[in-house]
Amino acid sequence: EILNTPSLGRKESEKVKQDIYYYDLAQYCVLVLRQDFSRVRGGWATAAQLAEILSHCCVGLEVKEDPEEFYTKFLPSAIDNLLLLGRRLQARFMRAVKDEEKQDFLRCFRTVTDAICWLFGGHIQLTKHVLQNDHFLQLLVTDDVETAVIMMSVLHSILGVNSSVLLQVDEETLHSVLDELVYKLSSTTNPVIGNAATKLLLLIAKFCNQLLNLLTTRYKGLKVLLSKQWIGKGFDRDLSQLLDLLYLEQSSGKKEMQRLHQAACIIQAAWRGFQTRKRLKKLPQAVTILQRSFRAKREQERQHLEKQKEDEALKLQMQLQRQRAMRLFHERQLALLEIIHASQVNKHLQEMEVKSALTIQRFWRGYRARRSFHQHRQSLKEYKAAVIIQRAACKFLEKQRSKRPLSPWKDPKGLTDEQRLALQQKVDDYIKLHPASQMSEEMSKELHMQAQEKLAQFMLRSKLDQRAAQRRETLLAQVNTDVELLMNAPRLAETTEKDLAVFMSRSVPVATKAKQSHNAMLKYARWPWWKKLGDEFVEDDVIPDDALNAELGSLFIGGRKS
């Protein structure tokens, strides 16, 4: 109410704004905008009012002390928190079910966006910060019609305040904004969305030819989309202007492309001519190299054919020699068979088979030995080299040992007189600093008497404690016995005098306990000597607690097995 009072003059209004800033009320508003207003009195309407107050205070404020902090830190943080508040209101508006709640959230959202527009309208440098903010892009990327129209109006206000801001932001932000506008035109048929997006694209295209060229090159189907889907929807004037600009840019772009194509053809023709002339200069040398390589290849083929013919001739000659040798061998065999007596033929054939087998074996063993030698040649070389290296190393070490003189035995060095005196002086000083504690004979006797008294008191107290523990155990056994007797007692109509005697006399449980203790003592007395090794210093009439516990562990004390 103070800020909107019409009676305030310009100076008084500036004074009020300066007081609000210097008393940190504006900083408080910036910080408060980040909290959740669902639990605050007034709800999100209070947040919208705080946003409006903050924008009114920041516009027209002249900061004299440290203005750099105001323009570089305070204003960007205010814009960030306002956009964050807008995101929260948008989300709650889209989640709301009732119409009243939706209208309230939409009213608050519109108030916050008006505050943002008022703020960057007073400080033009904030338009770039608004466009590059992630919250603004997320607010713009929405499927809700009402909030999308409001955000496109905010973008329209940004371009109206600073039309060159799209050239100042980075390329990614510019492409994100243009992509969202074109997507809204292609994904919806709502004329309100189409009208707002068309106006924004027309404003962008009118501002700069560079952005118009970006629209035509990046979105090649935009003209077809606008002409087919949005003609006759109530904003034909703006649509026709945008289409004219796009077609004009396309025609100028075609002329530019033709010019660039002609220039590229000229450059390619000059380069190809240069390459052709260069190849023609190198042609004689290339022909010589080609002829040389052809002749070398032809010579290689001729040598290969000659070698192949020689191999075939050698193979044929060897085959003929083998056949001639086989014929001579058979002829010799037939001649020998004619000469030898019939009774000696078998013996002769056996001798020939043995000689043949020996020959074959001799050749096979030689072949196998040669192959084995070739396979193990490298390992033999390594073995011989290792033997040579080891022999040389052993000789070198032997020479070194022979050259090294033997060191005579040296007695350990003793202490000199000066060192002995210094060490004795250190021992005396330590004894003076740490004297031994001395006690007289009377003090030792008195200390002995005190120890004896304390020991006697401890023994007496331990005996009393032991007796008290035994009494407690006796009472507990008596109580358990009574409980067991009561639980096992017959009904009153079935009781006899014998049952009454059990309750009136204590002799039965006492006798049972005495019998159990006596049996335990007898069993302990029968133990072998190696079980009593730890009981040399125990009195004879005292039985260890472990023995009693072991014996009484299976007894019924008070009618219940403990």
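Among contacts in the protein between residues at least 6 apart in sequence, what percentage join residues at least 24 apart? The share is 70%, where contact means heavy atoms within 4.5 Å.

The model is predicted: local features need pLDDT of at least 70, side-chain atom pairs count only at pLDDT 80 or more, and totals for chains, interfaces and linings use all residues. Residues are numbered from 1 along each chain as its sequence is written, and side-chain values use heavy atoms, with hydrogens and water left out.

The secondary structure of the protein comprises 22 helices and 2 strands; helices (H or I, at least four residues) and strands (E, at least two) are DSSP runs, numbered from the N terminus. The accessible surface amounts to about 42700 Å², and carbon and sulfur atoms account for 57% of that area. Accessible areas come from the Shrake-Rupley method with a 1.4 Å probe, and for residues only the protein chains shown count as cover. Of the 562 residues in the protein, 23% are buried. Here, buried means under 20% relative accessible area, exposed means over 50%, and partly exposed lies in between (1.4 Å probe, protein chains only).

The interior was examined next. In soluble globular proteins, nonpolar side chains tend to be buried together. The largest nonpolar core in the model contains 87 residues, a nonpolar core being a set of buried Ala, Val, Leu, Ile, Met, Phe, Trp, Tyr and Cys residues joined through side-chain atoms within 4.5 Å. Leu54, Phe74, Leu119, Phe136 and Leu226 touch the most other members of this core. When residues up to four places away in sequence are not counted, Phe74 touches Tyr21, Ala26, Gln27, Val30, Leu54, Cys58 and Glu69.

Two further buried positions lie in helices. Ala205 belongs to helix 11 (residues 191–207) and is buried, at 3% relative accessible area. Apart from its neighbours within four places in sequence, Ala205 is in contact with Leu212, Leu215, Leu242 and Leu245. Glu180 is located in helix 10 (residues 171–187) and counts as buried, with a relative accessibility of 8%. With residues up to four places away in sequence not counted, Glu180 touches Leu140, Val141 and Thr142.

The cysteines were also considered. A disulfide is a covalent bond between the sulfur atoms of two cysteines. With a disulfide taken as a pair of cysteine sulfur atoms within 2.5 Å, the count comes to 0. Cys29 is buried, at 10% relative accessible area, whereas Cys265 is partly exposed, at 36%.

The structure holds 7 salt bridges, each defined as a side-chain nitrogen of Lys or Arg within 4 Å of a carboxyl oxygen of Asp or Glu. Asp417 and Arg420 form one of them, with an N to O distance of 3.1 Å. These two residues are 3 residues apart in helix 18, so about one helical turn separates them. Asp417 is exposed, with a relative accessible area of 57%, and Arg420 is partly exposed, with 44% relative accessibility. Elsewhere, salt bridges that share partners join Glu299, Arg302 and Glu306 into one network. Arg302 and Glu299 are separated by about one helical turn, because they lie 3 residues apart in helix 15 (residues 283–339). Glu306 and Arg302 lie 4 residues apart in helix 15, and about one helical turn again separates the pair. Glu299 is partly exposed, at 32% relative accessibility; Arg302 is partly exposed, at 38%; and Glu306 is likewise partly exposed, at 38%.
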